[in-house]
Amino acid sequence: MSDARNVVDAFGERWAAHDLEGTLGLITDDCVFDATGPSPDGTRCVGPTEIRAAWLPIFENTESVFTVEDTIDAGDRIVQLWTYSWGDGHIRGIDVFRIREGKVAEKLSYVKG
């Protein structure tokens with residue numbers, strides 16, 4: 001397993017535990033997060049402050065669950081297919097991570113629409 005995969009696995013463990021501070025501790029200071037919405041292009045967030053604001057509602061909903069369907073290791077890039085479930089609904093999507101110096105430098109998120 002690659003170092004990049006280990007970073008994404010640790011990131012996913014913290015995300016699953018709804019540990020926002022732990023998750024943010026695994027991103028670079030200039031991390032880019034492209035959110036899935038609003039359509040058609042989503043919202044681009046850069047850095048921990050913007051990303052915290054974007055992720056806070058997800059982390060506060062402790063009933064929500066991300067389930068990884070598959071992970072593809074491609075060097076400093078990791079691609080994950082996932083299902084995000086809440087209450088009586090769900091969506092399926094994909095994240096493209098880029099890892100730099102042991103942290104997430106990009107998390108580009110896309111959903112089936």
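Which residues does Ile-72 touch, not counting residues up to four places away in sequence? Ile-72 touches Arg-77, Ile-78, Val-79 and Leu-81, where contact means heavy atoms within 4.5 Å.

This is a predicted model, in which local features need pLDDT of at least 70 and side-chain atom pairs count only at pLDDT 80 or more, while totals for chains, interfaces and linings use all residues. Residues are numbered from 1 along each chain as its sequence is written, and side-chain values use heavy atoms, with hydrogens and water left out.

Ile-72 has its place in strand β3, residues 65-74. Helices (H or I, at least four residues) and strands (E, at least two) are DSSP runs, numbered from the N terminus. Ile-72 counts as partly exposed because its relative accessibility is 39%; buried means under 20% relative accessible area, exposed over 50%, and partly exposed in between (1.4 Å probe, protein chains only). From Ile-72 to Val-96 the C-alpha distance is 9.5 Å, with the two 24 residues apart in sequence.

Next comes the core. A nonpolar core is a set of buried Ala, Val, Leu, Ile, Met, Phe, Trp, Tyr and Cys residues joined through side-chain atoms within 4.5 Å. The largest one has 21 residues, and those with the most contacts inside it include Phe-11, Trp-55 and Phe-97. Two or more residues come from each of α1 (3-16), α2 (20-24), β1 (27-34), α3 (47-60) and β5 (89-100). With six residues, α1 gives the most to this core. Leaving aside residues up to four places away in sequence, Phe-11 touches Thr-23, Leu-26, Ile-27, Trp-55, Phe-97, Val-104 and Lys-107.

The pockets remain. On a 1 Å grid over the protein atoms alone, a pocket is an open set of points where a 1.4 Å probe fits, with protein on both sides within 12 Å along at least five of seven lines; lining residues have an atom within 4 Å of a point. The largest pocket holds about 230 Å³ of space. Its lining has 14 residues, and Gly-12, Trp-15, Phe-66, Val-68 and Gln-80 lie nearest its centre. The elements that give two or more residues to this lining are α1, β3, β4 (77-86) and β5, and α1 gives the most, with seven residues.

The second largest pocket has a volume of about 190 Å³. It is lined by 15 residues, of which Phe-33, Ala-35, Thr-36, Ile-58 and Phe-66 are the closest to its centre. Here α3 gives the most to the lining, with three residues.

Note on methods: Grid points are joined across faces, edges and corners, and a volume is the space filled by probe spheres set on the points.
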